[in-house]
Amino acid sequence: MNPAAEIVIPETGMSKKLLVQANGARVMGFGFAAGHALKEHTAPGDVILYFVDGEAEVTLSGSPQVVGSGSMLHIPARLPHSVRAVTPVKMLLTLLPTAA
């Protein structure tokens with residue numbers, strides 16, 4: 001599978017697709033139209049974001065940073081975060097299983 005080919009960037013809003021689910025982990029592909037944002041939220045487990053294409057502003061606990069193609073970020077469980085697409089974005093999100 002070519003994950004980048006599975007991600008569709010819509011004209012407006014966001015698309016998401018479950019690509020892999022195994023052993024409690026999930027890999028999802030997200031496509032964001034320029035300007036679309038995921039409001040601040042938390043995740044129960046650690047998250048790894050990989051930006052396949054485009055530029056986004058990722059805010060971790062109120063601290064924004066701009067990331068681009070090829071960037072990877074680790075977000076610890078329960079850390080407040082948000083994502084805003086500056087340009088059209090293709091992103092892979094890996095949600096790791098929570099500790100038992």
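A salt bridge here means a side-chain nitrogen of Lys or Arg within 4 Å of a carboxyl oxygen of Asp or Glu. Keep in mind that this is a predicted model, where local features need pLDDT of at least 70 and side-chain atom pairs count only at pLDDT 80 or more, while totals for chains, interfaces and linings use all residues. Residues are numbered from 1 along each chain as its sequence is written, and side-chain values use heavy atoms, with hydrogens and water left out.

**Exercise 1. Find the salt bridges in the whole structure and say what each one links.**

Step 1: A search of the whole structure turns up 2 salt bridges.

Step 2: Start with Glu-6 and Lys-17, whose side chains meet at 2.5 Å, N to O. Glu-6 sits in helix α1 (residues 3–6) and Lys-17 in strand β1 (residues 14–22), so this pair ties together parts 11 residues apart in sequence. Helices (H or I, at least four residues) and strands (E, at least two) are DSSP runs, numbered from the N terminus.

Step 3: Now take Glu-57 and Arg-84, with their closest N and O atoms 3.9 Å apart. That pair links distant parts of the chain, as Glu-57 is in strand β5 and Arg-84 in strand β8, 27 residues apart.

Step 4: Check the exposure, where buried means under 20% relative accessible area, exposed over 50%, and partly exposed in between (1.4 Å probe, protein chains only). Glu-6 comes out partly exposed at 30%, and Lys-17 is partly exposed at 38%. Glu-57 is partly exposed at 25%, and Arg-84 is partly exposed at 34%.

**Exercise 2. Work out the strand order of the open sheet of 4 strands, then look at β5.**

Step 1: The order reads β3-β8-β5-β6, with antiparallel pairing. Two strands pair if DSSP finds at least two bridges between them.

Step 2: β3 (37–41) and β6 (63–68) are the edge strands, each pairing on one side only.

Step 3: Zoom in on β5 and β6, which pair in the antiparallel sense over 6 bridges. Glu-55 stands opposite Gly-68 in β6.

Step 4: Stay in β5 (residues 55–60), which also holds Thr-59. Is Thr-59 buried or exposed? Thr-59 is buried, because its relative accessible area is 15%. Leaving out residues up to four places away in sequence, Thr-59 touches Pro-64, Pro-80, His-81 and Ser-82; contact means heavy atoms within 4.5 Å.

**Exercise 3. Trace the pairing partners of β2.**

Step 1: On one count, β1 and β2 pair in the antiparallel sense over 8 bridges, and Ala-22 stands opposite Ala-25 in β2.

Step 2: The hairpin of β1 and β2 has 2 residues between the strands, and Asn-23 takes a positive phi near 50 degrees there.

Step 3: β2 also pairs with β9, antiparallel, over 7 bridges. Gly-31 has Lys-90 in β9 as its bridge partner.

Step 4: As for cover, 6 of the 8 residues of β2 are buried.

**Exercise 4. Say which residues touch the most other members of the largest nonpolar core.**

Step 1: A nonpolar core is a set of buried Ala, Val, Leu, Ile, Met, Phe, Trp, Tyr and Cys residues joined through side-chain atoms within 4.5 Å.

Step 2: Among the 19 residues of the largest one, Leu-49, Phe-51 and Met-91 touch the most other members. The largest share of this core, 4 residues, comes from β9.
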